Amino acid sequence: MDSAQPLYDLAPVARLMLLGVVIALGPLAWVWLRNRHAPPAQRLRVLTLVTLFLTFDLVLFGAFTRLTDSGLGCPDWPGCYGSASPVGASTSIAAAQSVMPSGPVTFSKAWIEMIHRYLATAVGVLILVLALVSWVERRRVSVSYLWPLATLVWVCLQGAFGALTVTMKLFPAIVTLHLLGGLGLLALLRAQSSGYALAAPGHPGPVELPGRLRWALVGVFALLWLQIALGGWVSTNYAVLACRDFPTCQGSWWPPMAVREGFTLWRELGRSHAGEAITFPALTAIHYVHRLMAYAVLAAMLWLAWRLWRVSGMRPGARALLLLAAWQFASGLSNVVLDWPLLAAVGHTGGAAALVIVLTGALAGTRSTRPLGATAPASSSLPLSMPIR
């Protein structure tokens, strides 16, 4: 890596933003052509769903970038050696690759990293358009424009964490927060799409769940986020292969672990808090805690799916939850016994992202059963559908 290259080089910002606009024009044109005669709420809902789909793709490509060790394919931000693409940085990349042919900077890794940045910029443009249109149409749409505005703020913060991921050289805590931020973006977009659907004329409104079941839904959702954070910590510390057997780890049900060292959050990649090389028992602890938590989360999801299956209107969500739970178990297991194949590793991240979407939709599309004799409000009780003038 060229030590003389500044970590931040804003020279290519204008060209990168223009490229993001060009990429975003395709989805925007499709939404407008397919829905130009539709009501504003319908156009916003479709635009939100398209943005959600592309954000999901971005999360998958971010996982691919991380798992191919391409996160430092361009050692500066937001461009690549001060250029808008690896083409303009070919001399610097070639020099770095000649010194370390399998190092962090190669032509293929630079392209993977920059494509990820291009996609992120395009998603940012779509979210900006979503916020602007929501503001313009705020008097004709019942869903609050504050949600798209909050999503815009969130994606800007996510971009800042993306910059820190590079400039802090894959600092595990920052990379894990960047992953959680991407999944949080999915949750915000999914909640908004549910709000537009609930506000559509003729929609029967949110499904009513018994109070305890809805709290159970909230609890499983919280467990999912904890498990995703643990999984992100495994991935960013490259601890997947600390346990290569299943269901035991290193031939033991309780292998040697250094939990405190493994879960010291503020430290460099591959280093302990004291700056020494991280020990293998610490990596084992990172892996095995995630695996043990997976058993609890899997059981909770299966139980929740069984309970939701018995509620009218919730069977599609219950079915999706069952399928995704099975997918996560299979892909997680294959990561261990097949020595972390790229497809399974990316698919495991995709399954976690899909679970966030499914459970967010379940939460946004339901409410607790009203007490006997209570009257329903004129509009949905969800904050998403409360108009703010």
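Student: Is W135 buried, exposed or partly exposed?
Tutor: W135 is partly exposed, at a relative accessible area of 42%. Buried means under 20% relative accessible area, exposed over 50%, and partly exposed in between (1.4 Å probe, protein chains only). The model is predicted: local features need pLDDT of at least 70, side-chain atom pairs count only at pLDDT 80 or more, and totals for chains, interfaces and linings use all residues. Residues are numbered from 1 along each chain as its sequence is written, and side-chain values use heavy atoms, with hydrogens and water left out.

Student: Which charged residue lies over the face of W135?
Tutor: R138 does, at 3.8 Å from the ring centre. The criterion is NZ of Lys or CZ of Arg within 6 Å of the ring centre and within 35 degrees of the ring normal.

Student: Changing topic, how many aromatic pairs does the structure hold?
Tutor: The structure holds 8 aromatic pairs. One of them joins W135 and Y145, edge-to-face, at 5.0 Å centre to centre with 85 degrees between the planes. Rings of Phe, Tyr and Trp (its six-membered ring) pair if their centres lie within 6.5 Å; planes under 30 degrees apart count as stacked, over 60 as edge-to-face and the rest as tilted.

Student: Where do W135 and Y145 sit in the chain?
Tutor: W135 is in helix 4 (residues 107-136), and Y145 is in the loop between helix 4 and helix 5 (146-167), 10 residues apart. Helices (H or I, at least four residues) are DSSP runs, numbered from the N terminus.

Student: And is Y145 buried or exposed?
Tutor: Y145 counts as buried, because its relative accessibility is 15%.

Key:
Helices (H or I, at least four residues) and strands (E, at least two) are DSSP runs, numbered from the N terminus.
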